[in-house]
2 protein chains.
Amino acid sequence: MTRFRAIAIGNELLSGDLADKHVKRFGAFLRQRGLRLSAAETVPDEIPAIQGALSRAMETADVVLVTGGLGPTSDDLTVEALSDLLGRRRVEDAASAQHIRDRISRYGRTPTEGQLRQAAIPEGARALSNRAGTAPGVHAEHEGAHVFLFPGVPSELEAILEDHLTPWVDSQIATRPLRSAVFKTFGETESAIASRLEGLDWTGAHVAYRATFPEIHVTVYVEEADAEAGARRLDELSAEVRERLHPLIFGEGADASLARAVGDALTAAGATVALAESCTGGLVAQSLTGISGASAWLLEGLVTYSNASKTKRLDVDPTLIERHGAVSEAVARAMAEGVRARSGSDLGLSITGIAGPSGGTPDKPVGTVHLALATAEQTRHLHLNLPFGRERNRHVSAWQGLRMLLQEARTRNT
Amino acid sequence: MTRFRAIAIGNELLSGDLADKHVKRFGAFLRQRGLRLSAAETVPDEIPAIQGALSRAMETADVVLVTGGLGPTSDDLTVEALSDLLGRRRVEDAASAQHIRDRISRYGRTPTEGQLRQAAIPEGARALSNRAGTAPGVHAEHEGAHVFLFPGVPSELEAILEDHLTPWVDSQIATRPLRSAVFKTFGETESAIASRLEGLDWTGAHVAYRATFPEIHVTVYVEEADAEAGARRLDELSAEVRERLHPLIFGEGADASLARAVGDALTAAGATVALAESCTGGLVAQSLTGISGASAWLLEGLVTYSNASKTKRLDVDPTLIERHGAVSEAVARAMAEGVRARSGSDLGLSITGIAGPSGGTPDKPVGTVHLALATAEQTRHLHLNLPFGRERNRHVSAWQGLRMLLQEARTRNT
């Protein structure tokens, strides 16, 4: 199997100014083809460091994808480092020099020495034309290893990747498209999810977990040369994963979101919703209105932060608040029923809690949250004791509220 | 000079699923101290690859900062790789095991085998307590090289970096602190900000810009060995930057946020606020309630998504909506005045607009947003035409609303 490595060059990547994104881009490019990067290295704009990374990569990989250091300034040293390492002269590529002159003259300028220097490539290498900028890419072969140099500017890298790397890889390398399926879950930890999937037969396949608080995303990958067998295997594994993770999965595919799932389920059920949030401060409203078309099923959302607002806006009986406190099952139920009645919605969701860091008492510590979901038939209640900080307590509370909506709406659809 | 290297471990970093951000974090951490990363490597979750990277790093650096692979699942191999490389057994760290049990039991669960495995560290190494998660970090020394292992979860890495790496580096390594000041701005592009600062004398100093939509953060760095001279230089430059960027700066320092600035200004003014949001769907409420203690000045927030809700909740005259449309100056003014009157707040803020992608008309294209701020004396209005997608249109609209609140509250304080 062809081995790929990436090298990202630039002081700014090591100084805390910029996070590299090109390794991810190369990784995605290769994965679509069933290939993978075996490693990546980030080095500063210094010839010994660049040459060290190039040597290591050429020893251990068949194809080396390098970004950065092709610009016009004195700290752009990649071509010089590669040429010297390979013991080759740098020669001007005539087409690239012409391209630089044409491009600069379009702005009514003449190229600087530095800009023209970009046309120099190692002798015997191939210049890769750059329709998005001045610096050509470079493709050099040395003792069986192929080195590709890309500019660090994302749009220029993208153009050269598309125009040159793509056709080269697709014609020269045996690719084996990887099939994958993403399952997005909420409500369990990564290890709990992993233990639910224990004992599954992962032959010719593997699973990856990604935590994006408060969600865990599970991706199933199938490596299988035969298209039909691969698709069948992915279907089998997906069915297993669906069954084992059943109540936790809220959506499938990279674009799925809990809010979108709620919106889809409400649309299918023909149900409308109104929200009464306290500790989550509008996070449920914010998530649901992030979905285009939410106005079809979201009537209103109220952030009733003060007790007066709970009473005036939601008809919560002030004596309930006095007796049980604003953070209580009784008040949560009254809020949900109140917002439903006042707005005329089918569903009314409420959240009241103590997100922290202050506001806790021995009786009701920080992290105490009450949710209620009112329908025409009944009002359900959920009590949480959350251990996180303010931001995460709010986040989990809102997601629990979204899940109550999702379950109710899905029940109505079955 | 002490040499630092970073290693990022994880298949997801090479497969195109995720871009590494930790190298940048380490780079920034070191730069604040006049130190730098000499290189970084990214390797998959495979023992030989991890060990190869560790060996190379320990040969060429004094301090090796490693992220990832400390989780509870079978592909978390970092501790095993390091232990085997150093020829040490793995031993359970009692305090870490207890911490894991305590943390998991807070959720009413017992730890899985995988979770408990996280307490195992190389013999002779130091466990670095993790207040944000279960896996401890690890600090191991071998032949003069110091290896620090961090979890890949950003919040956990951050906690261990703060609690353990910071005191260690600051006490063990000769640093030359870089003085810096951060100015957070909203309302102009990066190049507009940069041109406002053109012509400033940056001798012995430099400036960096960071765009975190919709804000631009400007950091001024001063390199100066003498503490007093450095502080003086930073003060001078800060005063210049403040003057040149004046109306755009909403806060100073890494912790500053627009919402916090609003909260501080409202507190100082002794003023309360109520919100009526349509297109922003609660984003202003969400931002303001993210500030602990917001209940002192935020009475309520309403997401009046439907026309009926605008009428019922805010007393917006239905004929106004008929005549001008829900997205109009007249309705924005009525919403702000209505929410202020109904809630009894000092300030009432409203936002109504077309975030997109659908809902636009030739008259009122996507990106049309009206904001209004009502006080006892007057109602001010702001009309925006935003060119972004749905998410960013909402974000900028909310930030404009926050800025209106900030200006009003600050005016009351002067």
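Predicted model: local features only at pLDDT ≥ 70, side-chain atom pairs only at ≥ 80, totals over all residues.

Trainee: Which domains does the assignment give for chain A?
Mentor: The assignment, which is an automatic or database one, divides chain A into domain 1 (4-172), domain 2 (178-252) and domain 3 (261-413). Residues are numbered from 1 along each chain as its sequence is written, and chains are lettered from A and ligands numbered from 1 in the order in which they are written.

Trainee: How many Å separate the centres of domain 2 and domain 3 of chain A?
Mentor: Taken over C-alpha atoms, the centres of domain 2 of chain A and domain 3 of chain A are 31 Å apart. Their contact (heavy atoms within 4.5 Å) takes nine residues from domain 2 of chain A and ten residues from domain 3 of chain A.

Trainee: What area is buried between those two, domain 2 and domain 3 of chain A?
Mentor: It is about 800 Å², with 66% given by carbon and sulfur atoms; buried area here is the accessible area (1.4 Å probe) that two parts lose on being put together, summed over both. On the side of domain 2 of chain A, the residues A:F186, A:F213 and A:F250 supply 70% of the area buried against domain 3 of chain A, more than any other three residues. By class, that side has seven nonpolar, one polar and one charged residues, where Ala, Val, Leu, Ile, Met, Phe, Trp, Tyr, Cys and Pro count as nonpolar, Asp, Glu, Lys and Arg as charged, and the others, Gly among them, as polar.

Trainee: And how many salt bridges are there between domain 2 and domain 3 of chain A?
Mentor: The count there is zero, a salt bridge being a side-chain nitrogen of Lys or Arg within 4 Å of a carboxyl oxygen of Asp or Glu. Over all chains, however, the rule gives 43 salt bridges. One of them joins A:E408 and A:R412, at 2.9 Å from N to O.

Trainee: Why are A:E408 and A:R412 separated by about one helical turn?
Mentor: Because they are four residues apart in helix α14 (residues 390-413) of chain A. Helices (H or I, at least four residues) and strands (E, at least two) are DSSP runs, numbered from the N terminus.

Trainee: Switching to the two chains, what do chain A and chain B bury between them?
Mentor: They bury about 5300 Å², 45% of it on carbon and sulfur atoms, and the contact takes 66 residues from chain B and 68 residues from chain A. Nine salt bridges are found across this interface, and A:R313 forms a salt bridge with B:E300, with the closest N and O atoms 2.8 Å apart.

Trainee: Which element gives the largest share of the side of chain B that touches chain A?
Mentor: That is β2(B), which gives seven residues. The residues on this side of chain B divide into 25 nonpolar, 23 polar and 18 charged.

Trainee: How many bridges join β2 of chain A to β2(B)?
Mentor: Three bridges join β2 (residues 37-43) of chain A to β2(B), and the strands run antiparallel; two strands pair if DSSP finds at least two bridges between them. Here A:E41 stands opposite B:E41.

Conventions:
Heavy atoms only, no water.
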